[in-house]
Amino acid sequence: MPSFADSFWSGDYAGGLGVLFGKLQQGVAENEQMLTIARMRAEAEDIYGQRLGEIGAATDKIQGGFSRDDGASVRKAYDGVRTEMEEASRNHRRIAQSIRDLVVAPFTRWCDAHASRVQGSQEDLQARIKLYDKQTEAVKKLRSHYFNKCRLVEDIEEENKLAFQSPETSPKPKIPEIKVNKEEDEEEEPLEIADEIYQPEQVKKILTHILQTVKLGETKVPILGMYQNTTAGAELVEYFQKYMGATSVSVAERIGQDLVGHGFLRLIGSVGNIFANSSKMFYQWRPKVFQLTGIPEKKQPLNRTFSIPSDTIDSPVIGSVGEYLAGWNPLNTQHPNETPADRLRREAAEADDRYKAGVRKLDLVRCQLEEAVIEHLKYLERCELDRLKAIKTIILDFSGTISNVIPSLQSTVDKMMLYQETVQPAGDLRYLLENYRTGAFAPRVTVYENYYNSADEQTFGVDLEARARSDRKRVPAIITTILTFLDNRYPDLEGDEARRSVWLVEVPLHQTHRVRDVLNTGKAFTLGTLEPYEIPIIASVLKLYLLELPDSLVSSHVYEIMKTIYSQHQSADTADAQRIAVLQSTLSQLRLSNIATLDALMTHFTRLIELTSADETYISALATTLAPCILRPRTETSMTMEEKYSYRLVRDLFTHKEAIFTELKRASSLSHSGSVDARRPRAISTDESNRKANQEARARAIMEATGSRSRATSPAPSPRGHRRDRSSGGPETRFPIQTSPVVDRDSGRHPTAARNSVIRQSLEVPDTPSLMTKHENEPINGTSTTNGSSVPKPGMSATYVPGMDDEFNGGVVEEVSSPGVQKRDSASSLGRVNAATARFGGRKTIGANRNSLAEASKRDSVSSEHQVHGVQLTDKPMDD
């Protein structure tokens, strides 16, 4: 059954939570209705008891009658009836008091506490969502500001290029003009003056009135000279108090300081830009005020210039004045000698830093919001379940209170008990989820968008192909590293049940986010980075990485195609092959990085299922867990939430993994080989995308040349028709301990060293001396047949990426099989001692008879002198 934590999510977080809190508030109203029923019934029982008690007093008021007949039999009957009435009155009053004590009072307190819990959770989540929305808007503004700065830098760089071109290369007809509308944009924005917002037109009117009202004079400053268009600070304060409503000198000074800050005034004769109410401090109106108001500016008249004689340069007076002027910064800027181009570059860098910081803060706020949402959803689910149980208890107590006092109401009580039996809290909770859920957990990451398309700042939320291109791999480094880490740590777990449960454990989101923060750097990391954390947390990080991708691993664009495939091809025997063929054709439309990543994941999971002898229940649970990570619809609706097409696709990938990906790799190899120029000289291939086709062609050529089979046909049934119900063989045939070492590229140049080296592969069978050769009719797909069971190829790791770095030894696929199959330990399929032995065990390789294969090897495109036994997982650049 789905839970609250995986059912009320939406893109803006508020939509799904709004639906949930609407239903919870409905539950609060239902509590009040149940409480009203109990309260009104208690009042009715009390009134009924009072009326029954009044019957005896009313009969006593009648004079004569039975009071005069002491021994008559009719008197006894009368007294019995009257006694029953009084007893009935007491019983009904007892019922009313019991309902108040057992139902109304405790349920009233519980309802108040439940309503406060729901209201508290709603207010907390609303505050967090409001903070997230505010930070999102801030990031959008920072991004726009950063992009505008970058465009200005490009514009001024282009302007500089055109300005400093030689006359021969400069364009003759027309010189382009670059207009920067920065000042106009700034002038169009409203201004804040003394906590009041003024529109540009209002500012223009105020400035015009000031220039027409106050006195504009000239102020002479020693050494610096004469300044035009100046006004004393005291005069401006007087104007602000008279015309702009300044109630005090401090308010008037604030208005003047805001005008200085907006660039309309500047202080002369002193350092700084402080506005004060002083008749000795003068402020000059800047030219842009006259441009804005249209009032002509008074210019300083031209003065005669003179030069200082050369013999007075060494004068101490001239020298001190020169030093003073050199260190004087009238604009009070931090970068006085900065050129416009340098200033724009600096502002672009500062905007970039602010944008990065804003994105990081938004990501932190989003993670905290999601953690809080999940915690509150789990808490509210428990509250809702407790509410339903409380209503069931109240009905039971209500009916029990009546049934214990008045047996005459047994039929009514039986009906009430029947109603009580029909209340199913779990069923009502399931009904709420099935009818009002808004979507599964699908985090939306706000990715830092670098202006120059760099993907080195983040790992999570970045497009898969961009991440793989940045890592220069077919599969992103984070996936291969995590799968290799899990491959190494599986043998350390106690038993197959612990290994299988790694992918099904529900890890708290805050623990997953803690590891995500460590890995979300945009850089590659080593296996040692993952060592401090538990294995289920690492698996949860991989699932979170797949969920945070902008598009699912199998693109949402083919969701409707998958829906059509599974709608038309049902589970009939004849439709199985047709469905697989259509799946192959559909998956071939995906990008190469998506196919390689999907192949690596399916290889890991199919080997985990096979080597731990997983049953159908576990396979179904694993497919359900991985389904949203592999394929998601573009838009989550109530219909798509009930569809199981993603689950069925994962089950088909588990069951028909070899058939699907073998055909995909064959198609990739044919398309790749068809594009190769036949006139190119042959060389040692580093791209093994057509390895499978070459292997099959080589095997057929060898069999035709030798005219004999390497071994007899196995009497065991076909691997496709047999499935192991449990693991077979001792611990040495199970999980290995050590991952595949990286083979030095120089080993291809030294065939002797390559043949004599002992190479250990992940998930391989160690210490197997016998040699077997593939039969010409057996599929060469990475598995060998042992006792009728499908055993993985010894050189293949769970993190193996097909078609990336595989190589073969001279055209003959060598496989090693165990001479005997031992029965594994009943306590655990992989003991600690045997695991340690298998950790350091090596695989002995036996060279093939090269003389009998010389002619076939000459026709091969890959030389046998440069091959490595087995399959290696090698980190090497992606050959696009």
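Helices here are DSSP runs of at least four residues, numbered from the N terminus. That numbering gives helix H9, where arginine 366 and aspartate 363 sit three residues apart, separated by about one helical turn. The model is a predicted one. Its protein chain has 27 helices and 10 strands.

**The chain as a whole**
- Buried residues make up 43% of the 880 residues in the protein chain.
- Take the contacts in the chain with a separation of 6 or more: 80% of them join residues 24 or more positions apart.
- The accessible surface comes to about 47,500 Å². Carbon and sulfur atoms account for 53% of that surface.

**Nonpolar cores**
- Nonpolar side chains tend to be buried together in soluble globular proteins.
- The largest nonpolar core here has 100 residues. Ile479, Trp503, Val554, Leu601 and Phe654 touch the most other members.
- Helix H9 (residues 340-403) gives the most to this core, with 11 residues.

**Salt bridges**
- The structure holds 36 salt bridges.
- Arginine 366 is buried, at a relative accessible area of 1%. Aspartate 363 also counts as buried, at 10%.
- In helix H2 (residues 73-163), arginine 90 and glutamate 87 are three residues apart. Their salt bridge brings the closest N and O atoms to 2.4 Å. Arginine 90 is partly exposed at 41% relative accessibility, and glutamate 87 is partly exposed at 31%.
- Helix H23 (residues 657-674) holds glutamate 663 and arginine 666, about one turn apart. Their side chains meet in a salt bridge at 3.0 Å, N to O. Glutamate 663 is partly exposed at 32%, and arginine 666 is partly exposed at 27%.
- Salt bridges that share partners join Asp363, Arg366, Glu370, Arg516 and Glu548 into one network.

**A hairpin**
- Strands E3 (residues 217-221) and E4 (residues 225-232) run antiparallel, joined by four bridges.
- Glycine 217 stands opposite threonine 230 in E4.
- Three residues lie between the strands of this hairpin, and isoleucine 223 takes a positive phi near 75°.

**A surface patch**
- Ile55, Val81 and Met85 form a nonpolar patch on the surface. Together they have about 220 Å² of accessible area.
- Isoleucine 55 is found in helix H1 (residues 14-60). Its relative accessible area is 33%, so isoleucine 55 is partly exposed.

How values were computed. Residues are numbered from 1 along each chain as its sequence is written. This is a predicted model: local features need pLDDT of at least 70, side-chain atom pairs count only at pLDDT 80 or more; totals for chains, interfaces and linings use all residues. Side-chain values use heavy atoms; hydrogens and water are left out. Patches are made of residues with over 30% relative accessible area and no salt bridge: like charges are joined within 9 Å, nonpolar side chains (Val, Leu, Ile, Met, Phe, Trp, Tyr) within 5 Å. Accessible areas come from the Shrake-Rupley method with a 1.4 Å probe; for residues, only the protein chains shown count as cover. A salt bridge is a side-chain nitrogen of Lys or Arg within 4 Å of a carboxyl oxygen of Asp or Glu. Helices (H or I, at least four residues) and strands (E, at least two) are DSSP runs, numbered from the N terminus. Buried means under 20% relative accessible area, exposed over 50%, partly exposed in between (1.4 Å probe, protein chains only). A nonpolar core is a set of buried Ala, Val, Leu, Ile, Met, Phe, Trp, Tyr and Cys residues joined through side-chain atoms within 4.5 Å. Two strands pair if DSSP finds at least two bridges between them. Contact means heavy atoms within 4.5 Å.
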